[in-house]
Each structure stands twice: as C-alpha cells, then as structure tokens.
Amino acid sequence: MEIEAAKQIGAGIAAIALGGAGVGIGTIFGHYLAGALRNPSAAAGQFTNLLIGFALTEFTGLLGFVVAMIILFG
Amino acid sequence: MMMLATDPMHQFVVQPVLELPTLFGIDLTITNAALFMIVTTLVTSFGLIALTGRGAMVPTRSQSIAELLYGFVADMVRSIMGEEGRKFFPYVFTLFTFILVANLIGMFPGTYTITSQLVVTFALAMISFTLVLITGFAKNGFGFLKLFAPAGLPPLMYILIIPIEVISFLSRPFSLAIRLFANMMAGHTLLKLFGGFVLSLSSIGAVGIAAAVMPLAVATAVTALELMIAFLQAYVFAVLTCIYLNDALHPTH
C-alpha cells in the first residue's frame with residue numbers, strides 16, 4: 001500500500017475518538033440535566049463542575065484530532 | 001487555483017503583513033498573527049478604558065457591561081480560591097479577557113484567529129503552569145510536593161498513585177493548550193468547509209444555488225455554536241487556571 005494512502009486511512013481511523021467523546025459529553029450534560037430537574041436549587045452550584053467535566057471529556061476527543069494531525073503532517 | 005480559495009486550512013497560514021528589518025538577530029516582521037495579537041490587546045485595553053469611562057458611582061449602561069465582566073470573573077475566582085485568591089484576580093481577568101476577545105475577533109470574516117495557533121495557546125498555558133509552580137513552592141516550600149501524595153492511603157498504593165499524580169500534573173499545560181487550539185482550529189475549519197460547499201455548489205448553476213441553501217444554513221448554525229464555544233473555551237481556560245492555582249495554595253487534598 002502507498003504510504004500516503006495508509007496515512008489518510010490512519011487519520012480517518014483516528015477520528016473514531018469522536019464517538020467516545022460524543023458519548024461522554026452526552027452523558028455529562030444528560031446527567032446534569034437529570035440532576036438539575038430533580039433539585040433545581042442545587043443546579044447553579046454545580047455548573048462549574050459541569051464545565052470541568054465537559055472540558056476533560058472533550059480533551060480525550062481532541063487527542064484523537066491531535067493524533068490525526070500527527071499522522072497526516074507529522 | 002480554485003483550490004486555494006476554498007482550502008479550509010489556508011486561513012491558518014502565517015503571512016508577513018509588514019516587512020521590517022532584522023535587529024540583533026530578532027526578525028521584527030509583523031505577521032498577520034502578530035498584528036491580530038496587537039489588535040486584541042488594544043481592543044481589550046482601550047475597550048475597558050472606554051467602557052468604564054468616568055467611573056461613576058451609579059453605573060452608566062456602558063460601565064455596567066464592564067462591571068458585569070469584572071463581577072463574573074471575580075465570582076469565579078472567589079468561589080474556587082476563596083479570599084486568598086484575590087491576589088490572582090488581575091492575572092485571571094487578563095487571561096480571560098484576552099482569550100475571549102481573541103476568540104471573538106477571530107469570528108469576524110477576514111480576521112486571523114490567534115488562539116488557533118498552538119504556539120500562542122501553549123505560551124498562555126506555560127505562563128499559568130509557571131505561576132502555579134512559583135506560587136506552590138513559595139507558599140508551601142517542599143510541602144507543595146504533598147500534592148502528589150494524597151493523605152490517607154495504604155502505603156503500597158503510593159507506588160501507584162505518585163507516578164500517576166506526577167504525570168497528570170505535568171500534562172496540565174499540554175491539555176490547556178491543546179484544548180483551546182484544537183477547538184478554535186476545528187471550529188474555523190468547519191466554518192470554512194461549509195463556506196466552500198456553498199461556493200462550489202452555487203457555481204454549477206440554478207439547481208446548485210437552490211441546493212446551496214442547506215450548507216449555508218449549517219454554516220449559520222455553526223457560527224452561532226462557535227460564538228458559544230469562543231466564550232466557553234475562555235471560561236474553561238480561566239476556571240482550570242483557578243483550580244490549578246487553588247491546588248498550589250492548598251496542596252493537601
């Protein structure tokens with residue numbers, strides 16, 4: 001196989017990381033919403049934690065992006 | 001050369017805007033990235049000076065915008081670091097407004113998004129990381145190393161926990177930098193990609209122009225999303241800096 005073709009396929013495979021990040025971010029916001037509807041008065045205090053969880057989860061997806069970039073241009 | 005006009009990565013190319021001579025081995029040429037970094041600094045500084053104006057006791061409409069921004073960051077610093085964090089407020093406020101304004105300026109068509117450059121975000125992250133190290137060692141001395149060894153574990157667990165904590169601590173600047181850079185870069189690539197779809201579809205005739213409405217609608221929706229992400233990423237960067245500084249102030253978990 002051509003090395004260039006293999007690189008393109010590899011970069012495409014690295015995008016699978018998005019699936020995991022999507023599930024994770026959905027879980028975080030879904031559970032926040034579920035908790036916030038049960039106890040709306042406590043929701044505002046947990047907003048910072050929500051965004052930290054979101055940022056950490058999103059980072060795992062972005063690592064996939066970085067891997068794709070390294071494969072393509074590294 | 002149709003490719004160049006719609007190439008989504010072309011917007012990130014650093015080009016010289018104003019050629020200047022090399023002085024003492026430092027190339028003084030102003031690139032588009034440097035130009036927009038200067039613009040960001042000027043907009044932030046003079047924008048806040050113009051907004052606060054005379055500093056009236058009863059805020060005018062423009063002054064209350066600046067006070068809203070100030071209060072937002074001050075609440076964030078106080079809720080995470082407590083009263084002790086007051087001395088870090090100027091740094092966190094500068095960081096937040098710089099990233100926010102840089103992201104928002106990047107949303108204007110034809111501008112350059114400086115936060116989409118890894119070197120810019122990594123420099124910002126390293127400033128935060130260095131500040132955490134200096135604060136931690138200045139305040140706690142070698143007690144700062146307790147951050148890597150949480151109390152109350154069985155002794156055998158420390159063999160496992162300490163390397164994990166060290167690695168997670170050292171990866172902080174990378175995660176801060178890559179998060180901001182990748183978010184801005186991916187978002188702007190997406191915008192340009194859908195813009196390119198509109199262009200190439202509408203160039204094939206009447207059917208294409210009718211079909212181009214769809215990518216145009218998506219591009220509009222993505223623009224709204226990008227405006228939210230511009231704010232969210234500035235907020236996340238500032239919040240994480242606050243949390244890391246709080247670790248430096250109180251290293252025992």
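How many of the residues in chain B are buried? Buried residues make up 26% of the 253 residues in chain B, where buried means that 20 or more other C-beta atoms lie within 10 Å of a residue's own, exposed means 12 or fewer, and partly exposed is in between, with C-beta atoms placed from the backbone. This is a predicted model, in which local features need pLDDT of at least 70 and side-chain atom pairs count only at pLDDT 80 or more, while totals for chains, interfaces and linings use all residues. Residues are numbered from 1 along each chain as its sequence is written, and chains are lettered from A and ligands numbered from 1 in the order in which they are written.

**The two chains**

- Chain A has 4 helices and 0 strands; helices (H or I, at least four residues) and strands (E, at least two) are DSSP runs, numbered from the N terminus.
- Along the sequence, the pattern of chain A reads α-α-α-α.
- With a radius of gyration of 17 Å, well over the 11 Å that the globule rule gives for 74 residues, chain A is more spread out than a compact globule. The radius is taken over C-alpha atoms, and the rule is 2.2 Å times the number of residues to the power 0.38.
- The C-alpha trace of chain A spans about 60 × 15 × 5 Å along its principal axes, and buried residues make up 11% of its 74 residues.
- Chain B comes to 9 helices and 4 strands, in the order α-β-β-β-β-α-α-α-α-α-α-α-α.
- For chain B, the C-alpha trace spans about 75 × 55 × 45 Å along its principal axes.

**Where the chains meet**

- The contact takes 9 residues from chain B and 9 residues from chain A; two residues are in contact if their C-beta atoms, placed from the backbone, lie within 7 Å.
- On the chain B side, the elements that give two or more residues are α7 (172-202) and α9 (213-249).
- α7(B) gives the most to that side, with 5 residues.
- By class, the side of chain B that touches chain A has 7 nonpolar, 1 polar and 1 charged residues. Here Ala, Val, Leu, Ile, Met, Phe, Trp, Tyr, Cys and Pro count as nonpolar, Asp, Glu, Lys and Arg as charged, and the others, Gly among them, as polar.

**Helix α5 of chain B and its partner α7**

- α5(B) has 23 residues and reaches 32 Å from its first C-alpha to its last, close to the 33 Å expected at 1.5 Å a residue; the expected span is 1.5 Å times one less than the number of residues.
- Helix α5 (residues 118-140) of chain B packs against α7(B) at an angle of about 145°, with the axes 8 Å apart. Axes are lines fitted to C-alpha atoms, for helices over the stretch in contact, and angles run from 0 to 180 degrees between N-to-C directions.
- The residues making this contact include Phe122(B), Met126(B) and Phe129(B) of α5(B), together with Leu176(B), Leu180(B) and Phe181(B) of α7(B).
- By class, the contact of α5(B) with α7(B) has 10 nonpolar, 2 polar and 1 charged residues.
- Among the buried residues of α5(B) are Val120(B), Leu124(B), Val132(B) and Gly136(B), and what covers the buried residues of this helix includes α4 (89-106), α7 and α9 of chain B.

**Helix α4 of chain B**

- The 18 residues of α4(B) should span 26 Å at 1.5 Å a residue, and the end C-alpha atoms are 25 Å apart, which agrees.
- Buried residues of α4(B) include Val92(B), Leu95(B), Phe96(B), Ile99(B) and Asn103(B).
- The buried residues of α4(B) pack against α2 (32-52), α3 (61-81), α5, α7 and α9 of chain B.

**Two residues to look up**

- Met81(B) is found in helix α3 of chain B and counts as buried, with 22 C-beta neighbours inside 10 Å.
- Not counting residues up to four places away in sequence, Met81(B) touches Phe88(B), Cys242(B), Leu245(B), Asn246(B) and Leu249(B).
- Ile161(B) is found in helix α6 (residues 157-170) of chain B and is partly exposed, with 14 other C-beta atoms within 10 Å.
- Ile161(B) and Ala149(B) are 12 residues apart in sequence and 7.1 Å apart in space, C-alpha to C-alpha.
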